[in-house]
Amino acid sequence: MSAERATTTSSAAAGLPTAQRWMIAALAAALPAHFRDRQRDEWTADLLVLSASPGGPARWRYLLGAAWTLPSLRRLAKGGRTADGGLATPATPAALTAARVLIPSVSWPLLGWLGALAVPHQARTGGLFTVVMVGAWANMIGLLAVVGMALVTLVVALLEWRRTARHRLRTAGIGMAMLFAVVVFQCLAFLPDRGIIVAMMGGAGAWLSYTAPALPRHYHIALRVIAVAGLAVAVINWTPLGAGLGSEYLD
């Protein structure tokens, strides 16, 4: 907050009783730092508008109402912010669900690709490495990646128990539709696309990152990382070196 604004706020708050100034300060302290000064100014201005008589009871009712709604205001303030420190539109449930589906769905084939190249042949045993190898195959054979995304979608629909039943049913329906598409096109199950489908899934994540700015910051980072990594792996797979590496771990 600038010095001029701080002086203005301090002068305005001087018109309030000490107890009310302390309560405003306590309420503001519970908010995220980027939103604290703005909301304190708003509360102070609202209290000053209330008449001095019967201003006391009216002001205290206002402060109790502010305290009651503080948890929801705190959640909104954490959801996003604008350049001037105000609130941005919160991320929609659909955007959050899409991010929760895309991040693991793309990360699994990419990590499998890296794991299959990094682990020596003699160490390729055990259940964990089976998951890694299937992920590597999914990177090369896109239909397997679609199966993985469908299963992740169904799991997300099950775990998002705070969402409405309609939202969860819609999410599960999308997952079932993807599985149905795999059954219909199972003739393509062993047609290698060398990472193109995974790169397209990563590209969808990048698009989501830019069209849903109110997503949490760690979602933005993850979506952009998988987009870049997916594209890079797909390019490598279509080089002679990448073709050789792919043949090695798919054998």
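This is a predicted model: local features need pLDDT of at least 70, side-chain atom pairs count only at pLDDT 80 or more; totals for chains, interfaces and linings use all residues.
Residues are numbered from 1 along each chain as its sequence is written, and side-chain values use heavy atoms, with hydrogens and water left out.

**View 1. Packing of α8 and α10.** The axes of α8 and helix α10 (residues 196–211) lie 7 Å apart at an angle of about 40°, which makes α8 oblique to α10 (angles under 35 degrees count as roughly parallel, over 145 as roughly antiparallel, 65 to 115 as roughly perpendicular and the rest as oblique).

**View 2. The salt bridge between Glu-160 and Arg-100.** The closest N and O atoms of this pair are 2.7 Å apart, a salt bridge being a side-chain nitrogen of Lys or Arg within 4 Å of a carboxyl oxygen of Asp or Glu. Glu-160 lies in the loop between α8 and α9 (165–184) and Arg-100 in helix α6 (residues 93–118), so the pair ties together parts that are 60 residues apart in sequence. Glu-160 is buried at 8% relative accessibility, whereas Arg-100 is partly exposed at 30% (buried means under 20% relative accessible area, exposed over 50%, partly exposed in between, with a 1.4 Å probe and protein chains only).

Conventions
Axes are lines fitted to C-alpha atoms, for helices over the stretch in contact, and angles run from 0 to 180 degrees between N-to-C directions. Helices (H or I, at least four residues) and strands (E, at least two) are DSSP runs, numbered from the N terminus.
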